[in-house]
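Please have the sequence and the structure at hand while reading.

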Amino acid sequence: MEFDLTEKQAALQRKAREFAEAELLPGADRRDRTGEFPAEAVAGMGELGFMGLVFPSEYGGAGLDFLSYTLVVEELARCDAAAAITLLAHNLCASHIFTFGSEAQIRQFLPPLARGEMLGAWALTEPSSGSDAAALKAEALPAEGGWRLTGNKYFITNGSRAETLVVMATADPSRKAKGICAFIVAGDSPGLKRGKNIDKLGFQASDTTAVMLKDVFVPSDRLLGETGSGFSQAMRMLDAGRIGLAAMAVGIARGCLEGSLAYARRREAFGKPISRFQAIQGMLADMATEIDAARLLLRRAAALKEAGRPFGKEAAMAKLFASEAAMRAAVKAVQIHGGYGYTRAYPVERYFREAKLCEIGEGTSEIQRLVIARELLR
């Protein structure tokens, strides 16, 4: 495994860092307070090619490797995790179409997503089915020329703004997971309604909504893959999604460390900077060590995926460790900042709230441990 980035990867990392610092960081705290979606920044991400990094150029993408994608996600999350999670959800939608769609479906739906001209969303979770995804209740009933979808989706990132959605629904509830199908659904479909942005602990600027489907007609050529293959498709997409979420967690943890380093050098107590106290140094050392370990885990998973080798266990390990390392880093960052860390005066208060989602999204830490253990015992 190579530890050094290629010149192309390093250049992309610099471009993402410069964009994030110039376009995301200045307004991140304000957007977190107001819930304003970073629409201009997301458009800028599309112009830079970030929305289609891993897709071939013939479909409007940049044709880069999966590690490059994680580099961009990390840099975005370091400054504004709401923008990063927008990209993660968009990529789940686009990648699902690219991975399981027919050539005709890919050519019709992927290019505008890859170019950032349209925003994508991925709709699996429902009010009563999260970790137990196979328990979803949205139904897909056969109709002349296609299907009619009815059901409610919840916690859908980009839910009110997506022009293209990949929606999972069951065509046969009696078959449980084997009855689930995946569909490409246009955002302007009659019968599809979106809720308001959910008031959340963090990620207020992320567009996270309910999506309600009532007798939504979907033409037969919008079914992805075979009937009943939707659940297995979704599980494969979650494997890849966990690598992206691990990169987001590393970016948040980096923000915690870098903010803490700057504060510890500047803040004085007992006549000297607090960076000279061993208690503070120990917290900084732990944060830096865990960030490096998390990054190595996610890069191993990304390398396995890029090579076409099994990576599910490694993705779960990366997501589990990175998300919990981000939470530990956030706790330490608030502690280092003392009373100021408990206020909105410094970004670490926002990082603290954002880090928690990393232990929940794309499968909770408990689910990751189950995935890892099952692979070990297989």
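How closely do the axes of helix α3 and helix α4 approach, and at roughly what angle do they cross? The axes of α3 (residues 66–79) and α4 (residues 81–100) come within 6 Å and cross at roughly 150 degrees, where axes are lines fitted to C-alpha atoms over the stretch in contact and angles run from 0 to 180 degrees between N-to-C directions. On the α3 side the contact (heavy atoms within 4.5 Å) is made by Tyr69, Val72, Val73, Leu76, Ala77 and Cys79, and on the α4 side by Ala81, Ala84, Leu87, Leu88 and Asn91. These residues divide into ten nonpolar, one polar and no charged, with Ala, Val, Leu, Ile, Met, Phe, Trp, Tyr, Cys and Pro counted as nonpolar, Asp, Glu, Lys and Arg as charged, and the others, Gly among them, as polar.

The model is predicted, with local features needing pLDDT of at least 70 and side-chain atom pairs counting only at pLDDT 80 or more, whereas totals for chains, interfaces and linings use all residues. Residues are numbered from 1 along each chain as its sequence is written, and side-chain values use heavy atoms, with hydrogens and water left out. Helices (H or I, at least four residues) and strands (E, at least two) are DSSP runs numbered from the N terminus.

In strand β4 (residues 164–170), seven of seven residues are buried, meaning under 20% relative accessible area with a 1.4 Å probe and protein chains only. Thr164, Val166, Met168 and Thr170 lie on one side, with Leu165, Val167 and Ala169 on the other.

| Partner of β4 | Sense | Bridges | Opposite residues |
|---|---|---|---|
| β1 (residues 120–123) | parallel | four | Trp122 and Val166 |
| β5 (residues 180–186) | antiparallel | seven | Val167 and Phe183 |

Helix α9 (348–358) is largely enclosed by the rest of the structure, because eight of its eleven residues are buried. Among them are Val348, Tyr351, Ala355 and Cys358, and the buried residues of α9 pack against α1, α3, α4, α6 (230–266) and α8 (312–337).

Technical notes:
Buried < 20%, exposed > 50% of the residue type's maximum accessible area, 1.4 Å probe, protein only. Pairing = 2+ DSSP bridges.
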